[in-house]
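The entries follow in the order in which I worked.

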Amino acid sequence: MTARRAWTRVVIVPALLLVLAACAKNGERAQEAGAVAADAAVASPEGAFLAYEHDVQVQLEAAQIAPRIQQVAQACQNAKFGECAVLQVDQRSGEQPSGEVKVRIEPKGVESLIGLAGEGGTLQARNTRAEDLAQQVADTALTKARLEKEHARLLSYQDRGDLKIEDLMAITTRLSEIEAGVEQATKDAAQQRRRIDTQLVTMHFDTTSGQRSRSEIGEALSESGSILSTSVAFLIRAAAALLPVGVVALVMAWIVRALIRRRRRKP
């Protein structure tokens, strides 16, 4: 028995330790692969012109909503997960607090920022969509190239010495129009590039369903007093309005009854 135990300690135990270590490494590799896959899932393929937008619904405890909104906004402003710009912060307090944070962030930081938003809560819903800007990018580039070509041609005409004053003025006016068009095309191209290189993430924060139910019950209880007083006031007004009608009805009934009795007494 002693030799068997010794053999077990020398051979089996190290083997088990090696197996456990291998499993742990495989688990870490799987997690890393999952993280890479998650990042790749929201990244635009190379050569594509896709503008991604994400809508996320997060449920948190009421006390966590305001701090989490500030935390997410600060993480974006401080570029914690990469280049990021805060576009909108909306926060509503009360018995059912809620809020919204809208940011534009580079693709590699999308999952990390969403993870921060939902930490300690529930990711209730998520919607990811992409708009294909390939045609818009091509049209903008074509427009800019056409305007620049026309601009260069008019500049060559402007250098001619045999131009009339009215022709020179027409060329100058057209050059101004072309320069404005080129400037607008440059702005459009920059905006399109920004939408492709970064992604729009909108995070909606709301309380949990249990807290909403309790809040609705509390709101109903708080409103019950005003509802009761309103109902009593309505009954009092109705009684006051019907009282004269009731008095007139009683008088008329007494008169009719008296007339009937008098007729019956006559022979």
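Before reading any exposure I wrote down the cut-offs: a residue is buried under 20% relative accessible area, exposed over 50%, and partly exposed in between, with a 1.4 Å probe and protein chains only.

I noted that this is a predicted model, in which local features need pLDDT of at least 70, side-chain atom pairs count only at pLDDT 80 or more, and totals for chains, interfaces and linings use all residues. Residues are numbered from 1 along each chain as its sequence is written, and side-chain values use heavy atoms, with hydrogens and water left out.

Helices (H or I, at least four residues) and strands (E, at least two) are DSSP runs, numbered from the N terminus. I looked up Arg193 and Asp197, whose side chains meet in a salt bridge at 3.1 Å, N to O; they are 4 residues apart in helix H5, which means a separation of about one helical turn. Arg193 is partly exposed at 38% relative accessibility, and Asp197 is also partly exposed, at 39%.

I found Arg126 and Glu111 joined through their side chains by a salt bridge of 2.8 Å, N to O. Arg126 belongs to strand S4 (residues 122–132) and Glu111 to helix H3, so this pair ties together parts that are 15 residues apart in sequence. Arg126 counts as partly exposed, with 32% relative accessibility.

For axes I used lines fitted to C-alpha atoms, for helices over the stretch in contact, with angles running from 0 to 180 degrees between N-to-C directions. The axes of H2 (residues 62–77) and H3 (residues 110–117) come within 9 Å and cross at roughly 160 degrees. H2 is therefore roughly antiparallel to H3, on a scale where angles under 35 degrees count as roughly parallel, over 145 as roughly antiparallel, 65 to 115 as roughly perpendicular and the rest as oblique. With contact meaning heavy atoms within 4.5 Å, I listed Arg68, Gln71, Val72 and Ala75 in H2 as meeting Leu113, Leu116 and Ala117 in H3.

The axes of H4 (residues 134–158) and H5 (residues 165–197) come within 9 Å and cross at roughly 155 degrees, which makes H4 roughly antiparallel to H5.

Where does Glu95 lie? I placed Glu95 in the loop between strand S2 (84–92) and strand S3 (98–105), and Glu95 is exposed, with a relative accessible area of 57%. The C-alpha atoms of Glu95 and Thr207 are separated by 9.6 Å, although the two residues are 112 residues apart along the chain.

Notes
A salt bridge is a side-chain nitrogen of Lys or Arg within 4 Å of a carboxyl oxygen of Asp or Glu.
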